[in-house]
Amino acid sequence: MEVYEEIGLKRIINGSGKMTALGASVLDDEVAEYMGKASKGYADMDSLIDRAGKIIAEYVEAEDACVTTGAAASIAMSVAGIITNGDISKIEKIPFIDEDKKEIIIQKGHSVNFGAPIVQMIGLGGGEPIEVGQANSVKAHHIEEAISEKTAALIYIKSHHCVQKGMVPLKDMIGIAKKHGIPIIVDAAAEEDLKKYIHLGADLVAYSGGKAICGPTSGFVAGKKELINNCKLQYKGIGRAMKVGKENIMGLLKAIDLYSKKDSKLIIEEQKKTMKGLEKEVNKLKGLKAAIAQDEAGREIYRLKISVDEGVLGVDANYIIDKLESGNPSIYTRNHYSNIGIIYIDPRPLKVGDDEIILERLKEIISELA
Ligand SMILES: *Cc1c(COP(=O)(O)O)cnc(C)c1O
């Protein structure tokens, strides 16, 4: 029995993906044990933040890094760091700062909601978001025209939430930032590549610790030394409301270490095998058709795609999804295409044996329909 059940919550089987709403990641034993040990001792927090930043910077090949509670906090603290530029009395005034140079330029198709609005995180750091272009069309001239003495930084959001077509590519945006001598922040919250954006020339890059890295609730921003120093100083200001615990910092370090060493080929092969096993069994069920489908964005994720035949079953995919979710354990699937009769199962967050529980539950739901 999981501790969540002890306080009356339902057990969850996560077949949907890395979902913050479901607690993001499940930790490796090694990470969890390391966090337990970290919780038993004291640490000088300033030194820990400095040291952890240096260690992370080595993994991501940046000059320095600052640990945070997540990518959202990383954005707020990056913006605040750029606007206040190390001035402690300004740091204490954020977000209500009377400063001309506080505009942060963002492409309109990047002004998304990841669970909260990106522009709100900019505002939290004292920035004034300036959205340029249109939701599905932004050109370099839109960005250039918006730049003035008031511009503090540009921000680029790398995410499946963003409009993918018609935006100015990151390389071009970095070029514009360099030309005008303005820093550029990249939000790479869920990205798997921890070096790419630094190598491309971004000044600050924000990551979640609990997404691709599979760490605890945490995050970091990596980049130029001076800018990172200015981020860390926010712990004397707004950063206090986004304080990251010593256990989480140590868990993040352990998770990055494991992440950098993991054999992704082997993991992908195992995930494929599990999905193929489930495919074979689901195809025996009336009204369901299963096949393996690669991730739409081309990532190395092989999900099980289940098509629900409403003509045969008399119910649609949303009915099945609802039945899976309302049972105990509660089974979550990936439902972006449920309106066209498709349910996906993501192998990444499944634990050993979860595939069998999903199959049993599907069998029950189908037989109840007969
Ligand atoms: C998840 C996400 C965030 C927030 O990350 P946290 O680590 O949960 O704070 C920010 N931006 C994007 C694009 C995200 O996907």
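A: Start with Tyr4, which counts as exposed because its relative accessibility is 53%. Keep in mind that this is a predicted model.

Q: Where is Tyr4 found?

A: Tyr4 is in helix H1, which covers residues 3-6.

Q: And which residues make the nonpolar surface patch?

A: Val3, Tyr4, Ile7 and Leu9 make the nonpolar patch, and its area is about 460 Å².

Q: Switching to rings. How many aromatic pairs does a search of the whole structure find?

A: Two aromatic pairs turn up when the whole structure is searched. In the pair of Tyr337 and Tyr344, the ring centres are 6.0 Å apart and the planes stand at 70°, so this pair is edge-to-face.

Q: Why give both a distance and an angle?

A: Because a pair of aromatic rings is described by the distance of the centres and the angle of the planes.

Q: Is Tyr344 buried or exposed?

A: Tyr344 is buried, with a relative accessible area of 14%. Tyr337 counts as partly exposed, at 32% relative accessibility.

Q: Which charged end sits over the ring of Tyr302?

A: That of Lys272, at 4.3 Å from the centre of the Tyr302 ring. Elsewhere, Lys254 lies over the face of Tyr34, and the distance to the ring centre is 4.5 Å.

Q: OK, strands now. Why is S5 described as largely enclosed?

A: Strand S5 spans residues 151-157, and seven of its seven residues are buried, so the rest of the structure largely encloses it.

Q: Which strands are joined to S5 by bridges?

A: Strand S3, residues 103-107, runs parallel to S5 and is joined to it by four bridges. Strand S6, residues 184-187, is also parallel to S5, with four bridges between them.

Q: Which residue in S5 is the bridge partner of Ile104?

A: Ala153 is the partner of Ile104. On the S6 side, Leu154 stands opposite Ile184.

Q: What about S3 itself, mostly covered or mostly open?

A: S3 is mostly covered, with five of its five residues buried. Glu103, Ile105 and Gln107 point one way from the strand, while Ile104 and Ile106 point the other way, and all are buried.

Q: How many bridges pair S3 with S4?

A: Five bridges, in the parallel sense, pair S3 with strand S4, which is made of residues 128-132. Gln107 has Val132 in S4 as its bridge partner.

Q: New topic: what is the count of salt bridges?

A: The count comes to 20 salt bridges. Glu61 and Lys195 form a salt bridge through their side chains, at 3.4 Å from N to O. Glu61 is in the loop between helix H3 (45-60) and strand S2 (64-68), and Lys195 is in the loop between S6 and helix H9 (196-200), so the pair ties together parts 134 residues apart in sequence.

Q: Why would such side chains pair at all?

A: Because side chains of opposite charge can pair when their charged atoms come close.

Q: How do Glu61 and Lys195 count for accessibility?

A: Glu61 counts as partly exposed, at 41% relative accessibility. Lys195 is partly exposed too, at 32%.

Q: And which residue forms a salt bridge with Asp346?

A: Arg303 does, and the closest N and O atoms are 2.9 Å apart. This pair links distant parts of the chain, 43 residues apart: Asp346 is in the loop between strand S12 (342-345) and helix H15 (354-369), and Arg303 is in strand S10 (residues 302-308). Both Asp346 and Arg303 are buried. Arg348 forms a salt bridge with Asp346 as well, with the closest N and O atoms 2.8 Å apart.

Q: What is the relative accessible area of Asp346?

A: It is 0%, so Asp346 is buried. Arg348 counts as partly exposed, at 22% relative accessibility.

Q: Which residues are linked in a network of salt bridges?

A: Asp295, Arg303, Arg334, Asp346 and Arg348 are linked in that network.

Q: Last one. Where is the place of Ser218?

A: Ser218 lies in the loop between strand S7 (204-208) and strand S8 (219-223). Ser218 counts as buried, at 3% relative accessibility. The C-alpha atoms of Ser218 and Thr68 are separated by 5.9 Å, although these residues are 150 residues apart along the chain.

Methods. Residues numbered from 1 in each chain as written. Predicted model: local features only at pLDDT ≥ 70, side-chain atom pairs only at ≥ 80, totals over all residues. Heavy atoms only, no water. Patch = residues over 30% accessible without salt bridge, like charges linked within 9 Å, V, L, I, M, F, W, Y side chains within 5 Å. Areas by Shrake-Rupley, 256 points an atom, 1.4 Å probe, with all protein chains shown as cover. Salt bridge = Lys/Arg side-chain N within 4 Å of Asp/Glu carboxyl O. Helix = DSSP H or I, 4+ residues; strand = E, 2+ residues; numbered from the N terminus. Buried < 20%, exposed > 50% of the residue type's maximum accessible area, 1.4 Å probe, protein only. Phe/Tyr/Trp six-rings, centres within 6.5 Å; stacked < 30°, edge-to-face > 60°. Lys NZ or Arg CZ within 6 Å of the ring centre and 35° of its normal. Pairing = 2+ DSSP bridges.
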